[in-house]
Amino acid sequence: MTERRFFDEMALQGGDPRVPYADYARWFSNEDPKSLLKKSAEAETFFRRIGITFNVYGQKDADERLIPFDIVPRIISASEWRVLEKGIDQRVRALNAFLADIYNKQEILKAGRLPEHIISRNAAFLPQMIGMTPPGGVYTHIVGTDLVRTGENEFYVLEDNARTPSGVSYMLENRETMLQMFPELFTKMKVRPVSSYPAELRRSLGECAPPNFDGTKPAVAVLTPGIHNSAYFEHSFLADHMGAELVEASDLRVVDGRVQMRTTRGYKALDVIYRRVDDEYLDPLTFNPDSLLGVPGIMDAYRAGNITIANAPGTGIADDKALYSYMPDIVEFYTGEKAILQNVPTWRCSEEESLKYVLDNLADLVVKEVHGSGGYGMLVGPAASKKELKAFEAKLRARPDNYVAQPTLALSTVPIMTKAGLAPRHVDLRPFVLVSPKRVHITAGGLTRVALKEGSLVVNSSQGGGTKDTWVLGD
Amino acid sequence: MRLNITHKTTYSYDRPVHYALLQLRMTPRSAAGQKVLNWSTTLEGATSQVTYDDHFRNVTELIEMDAGSSAVSITCQGEVEVENLNGVIGMGTGLAPLWLFLQQTPATVPGPTIRKIAQQVKKATEASQLDGMHQLSGAIADAVTYRTGMTLSTTPAEDAASEGQGVCQDHAQIMIAAARHLGLPARYVSGYLLMDEVVDQEASHAWAEVWIEGLGWVGFDVSNAVCPDDRYVRVALGRDYGEAAPVHGLRQGNATEELCVSLQVQQ
Amino acid sequence: MLGRTAGGLFWMFRYLERSENTARLLETGFRIALTGAQDSDDSEWESIVSTAGVRPAYVAKFDDDFDQATVINYLLRDRDNPSSVMSCIEAARSNARMVRTALSSEVWEAVNEAWMTLKDQMKRPVSMKNLAEVLTSIRQHSSLVRGALHGTMLRNDIFDFARLGTYIERADNTSRILDIKYYVLLPSAAYVGSSMDNAQWETILRSVSAFRSFRWLNEGEVTPMAIADFMILDKRMPRSLAFCHSKIVGNLSYLNHDADPELPCLTQASQIHARLSGRDIDSVFDEGLHEFLKSAIADTGRLAAQIQEDFRFYG
């Protein structure tokens with residue numbers, strides 16, 4: 001493979017740093033690298049003490065692991081952010097309109113803008129949601145739109161994550177850590193705050209309460225599968241910072257037609273449940289009867305309009321990678337506008353011609369499972385050995401409709417702190433979006449994930465990725 | 001024709017039940033060919049939680065058994081004005097897309113027996129979907145003798161077909177499985193049937209509906225070798241028995257259950 | 001508050017208390033081994049295992065081998081021993097994680113740090129040589145958690161459930177220790193001057209951290225009756241049954257609020273408390289020390305179950 005040039009957001013190799021990084025670069029040049037490295041180590045101790053850890057799936061006895069944190073911020077200018085914000089807003093509104101359509105009249109299928117099989121073969125489609133309009137008409141209340149950058153003005157949406165985006169606690173704790181370690185930097189630079197996210201989440205969820213809720217303030221709870229879930233820290237973090245109850249299925253029951261939680265003084269009704277339990281396990285009466293993580297009858301109460309479930313069941317259809325390839329059409333169909341944010345060109349291997357192209361160019365492409373997530377089961381062509389390519393080709397031929405392929409994007413880099421000084425590493429960005437009937441709220445910032453291994457393009461935490469604080473500068 | 005229906009379902013347990021939820025799909029709605037004049041559901045030993053329309057627009061009621069009681073009974077009573085449409089229900093008004101009814105469920109996945117039955121009517125169906133389905137209904141009735149007590153509510157279509165015996169539920173599910181196998185959308189209907197000379201019945205009825213191009217949904221009662229007419233009341237529909245079942249429940253503990261049904265359908 | 005959260009707090013503090021109790025027993029054994037009053041056989045360590053209430057499980061694993069190093073590691077870090085310090089810390093931390101939203105960040109961090117540090121210190125077997133250091137660390141971490149609780153938590157239901165867990169466990173522990181050793185306190189066996197009995201008495205007192213305070217209050221007058229009185233009825237003594245049960249009544253009264261009728265657990269606790277107040281140790285010995293302790297253990301167990309039911313820990 002020939003050496004590729006990547007866009008470095010700090011412009012490390014060129015003479016002057018790019019404008020958004022100018023102040024930071026000046027500050028950095030006056031710092032002692034040794035003491036910065038020491039701060040890196042302090043940050044890790046800090047994370048461990050407050051317990052920001054995740055459990056790795058499939059490793060039952062493994063220690064709770066930390067996601068490595070890098071102390072060099074990822075900086076985005078005010079004007080860059082404005083474009084992203086507009087694009088995300090458009091995309092998220094389109095997603096909600098799409099979900100409402102799919103579970104009701106399916107106009108987009110009737111109009112022939114989306115092939116029927118994209119929905120009919122979509123494992124995340126829930127028939128039980130047909131004809132169901134959630135309170136406030138919102139389907140995906142919390143979205144994490146994954147973005148990558150390839151040039152000065154080139155951003156792509158990589159995934160929409162309309163189901164259950166996680167990682168927001170890292171956005172908040174990363175900032176908290178940076179504020180503690182480098183307070184002086186925040187006086188020098190105008191960094192937009194992210195700390196209001198939990199309050200915004202609470203407000204946004206409250207605005208989605210069922211119309212007939214009887215209190216003045218809707219009762220909100222976070223539903224977690226429990227302390228063994230890999231994202232338990234985030235569940236308790238969000239409940240804590242929202243001032244909401246953190247509940248498990250065993251705390252909940254349908255009483256008087258409403259979902260209620262068992263308190264020390266009897267049952268108390270809930271209006272909104274921010275659930276971090278997958279659809280399949282949500283209600284053993286309606287879905288998987290063996291689920292111990294679910295609340296029997298919650299779907300009945302939901303259809304009767306007595307509870308809001310966020311995100312709505314069945315939103316996962318939008319996370320399907322075959323569907324993703326139609327997102328530009330979807331945005332246009334529902335908003336009447338061209339999509340502001342670009343999609344990564346995607347070959348659907350279910351289509352014969354595409355499959356042929358993919359097989360012919362496997363070594364240059366990234367191939368992903370249609371329903372996959374977390375970076376599992378994917379092939380990064382340029383990084384794969386001949387043997388790996390061969391093996392993957394067999395998988396592709398056996399089940400072509402299980403895969404889509406994309407060009408290997410030249411992901412931008414941002415420097416990280418290493419023992420040898422600053423070194424460029426590939427990054428992506430997950431901003432967090434809240435949707436209520438009243439507004440779409442996008443926190444100025446997000447989670448920057450960084451591939452810590454030199455040259456690696458895989459940023460997932462389960463595959464050796466780390467995180468950075470993300471700074472959106474004020475005007 | 002005006003049908004008068006009284007349907008009492010009682011579940012008794014050998015010990016008090018701590019917690020149980022039941023989903024009832026026992027209330028017919030006014031639709032093509034039927035007008036519900038009055039209908040009521042009375043519960044003993046249980047309390048209603050919510051009532052709503054499910055994804056197939058079935059009127060669904062969630063009830064909770066009263067803690068510590070050892071029996072629950074559900075009494076439905078009402079009058080329905082029925083019209084003879086010769087089985088043709090029409091294009092329907094629901095939001096559920098047709099393709100949903102083309103997908104097999106675990107209860108309807110065809111095996112060799114059902115595929116063989118379907119094969120017999122393949123040609124006829126290609127020529128005329130309606131004729132083909134009439135033949136299919138007849139072929140299933142020939143292959144699977146109506147006999148109670150041989151199958152359970154959970155018996156998959158293929159098992160009943162290969163056993164060669166079953167009840168109306170099995171006939172309906174086999175018909176659905178075969179129709180889908182031939183590329184026709186099909187669904188399960190649970191309901192009531194006015195029987196000749198018989199007032200007291202042992203169980204409610206079930207049949208299949210198949211989507212025929214040009215006609216829309218058309219009913220086929222395999223067990224009685226007819227298309228539903230003004231003796232039939234449609235109560236609930238689904239992709240298989242499980243989705244349209246009059247009662248679907250979940251119960252904690254290991255009490256032994258006994259079911260007792262008393263049903264009268266009369267003019 | 002969620003019933004499950006109340007239960008989590010209750011158990012978190014029961015386990016913390018239990019870890020301290022086990023550590024204190026180890027300290028007792030350590031101390032007696034150091035002063036070496038006895039022949040240096042393993043009988044004192046055997047007695048420590050018995051006092052900890054884990055003898056059957058220990059014997060099942062190690063037969064009758066009460067070797068010092070084996071006992072230390074069994075009580076300190078064996079995961080097969082649910083009362084080992086490490087098992088208790090794990091369980092406490094796991095409960096803390098579950099009820100994290102009910103804890104101040106100081107309390108959570110103190111528990112989490114205790115778990116991290118102790119896990120590290122007990123990664124490998126602990127020898128007699130570094131036992132003192134580990135025990136000190138356990139004591140310090142317990143104090144940090146307690147300090148964070150008292151210094152940073154609101155005095156509300158959360159605090160009451162934390163205290164209930166502590167006192168129920170402590171009352172249970174004190175009565176069990178006494179019951180296992182009750183025979184050395186019986187008048188028939190108490191011939192003054194026997195070094196065996198003195199050592200046993202010392203074990204009892206040390207295992208509830210009361211050796212020095214007892215001597216100080218009694219000016220060296222050590223009689224079995226006085227020891228029993230001190231540990232059962234003395235309200236000045238923070239590990240006595242009377243003290244624990246008066247605190248339990250206090251916390252339950254807060255939690256009862258205006259419940260009418262009064263919660264059954266409060267009624268039960270008040271009855272237990274009444275039985276301990278205003279009586280003297282003679283009447284306890286008249287009733288029979290063993291019988292008295294047996295019913296005290298049963299009462300505490302019943303009370304814990306009633307608390308669990310009244311506050312809907314599990315449904």
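1. In this predicted model, A20(B) lies opposite R251(B), a residue of β15(B). The two strands concerned, β2 (residues 20-27) of chain B and β15(B), run antiparallel and are joined by 5 bridges.

2. This pairing belongs to an open sheet of 4 strands in chain B, ordered β4-β5-β2-β15 and paired antiparallel. The edges are taken by β4 (46-53) and β15 (247-251) of chain B; each has a single partner strand, so one side of each lacks a neighbour in the sheet. On average, neighbouring strands here are turned by 20° against each other, direction ignored.

3. Turning to the interface of chain C and chain A, 29 residues of chain C contact 26 residues of chain A. About 2,300 Å² is buried between the two chains, and carbon and sulfur atoms give 45% of that area. On the chain C side, L2(C), R97(C) and T101(C) lose the most area to chain A, together accounting for 30% of what that side buries.

4. The side chains of E248(A) and R4(C) form a salt bridge, at 3.2 Å from N to O. Polar contacts across the interface of chain C and chain A number 13 residue pairs, with both residues at pLDDT 80 or more.

5. Four helices of chain C, namely α1 (3-35), α5 (85-98), α6 (105-121) and α8 (157-180), each supply at least two residues of the side that touches chain A. The most comes from α6(C), with 7 residues. By class, that side of chain C has 13 nonpolar, 10 charged and 6 polar residues.

Notes: Residues are numbered from 1 along each chain as its sequence is written. Chains are lettered from A and ligands numbered from 1 in the order in which they are written. This is a predicted model: local features need pLDDT of at least 70, side-chain atom pairs count only at pLDDT 80 or more; totals for chains, interfaces and linings use all residues. Side-chain values use heavy atoms; hydrogens and water are left out. Two strands pair if DSSP finds at least two bridges between them. Axes are lines fitted to C-alpha atoms, for helices over the stretch in contact, and angles run from 0 to 180 degrees between N-to-C directions. Contact means heavy atoms within 4.5 Å. Buried area is the accessible area (1.4 Å probe) that two parts lose on being put together, summed over both. A salt bridge is a side-chain nitrogen of Lys or Arg within 4 Å of a carboxyl oxygen of Asp or Glu. A polar contact is a pair of N or O atoms within 3.5 Å; within protein, one must be able to donate a hydrogen and the other to accept it, and residues adjacent in sequence count only if both atoms are side-chain atoms. Ala, Val, Leu, Ile, Met, Phe, Trp, Tyr, Cys and Pro count as nonpolar, Asp, Glu, Lys and Arg as charged, and the others, Gly among them, as polar.
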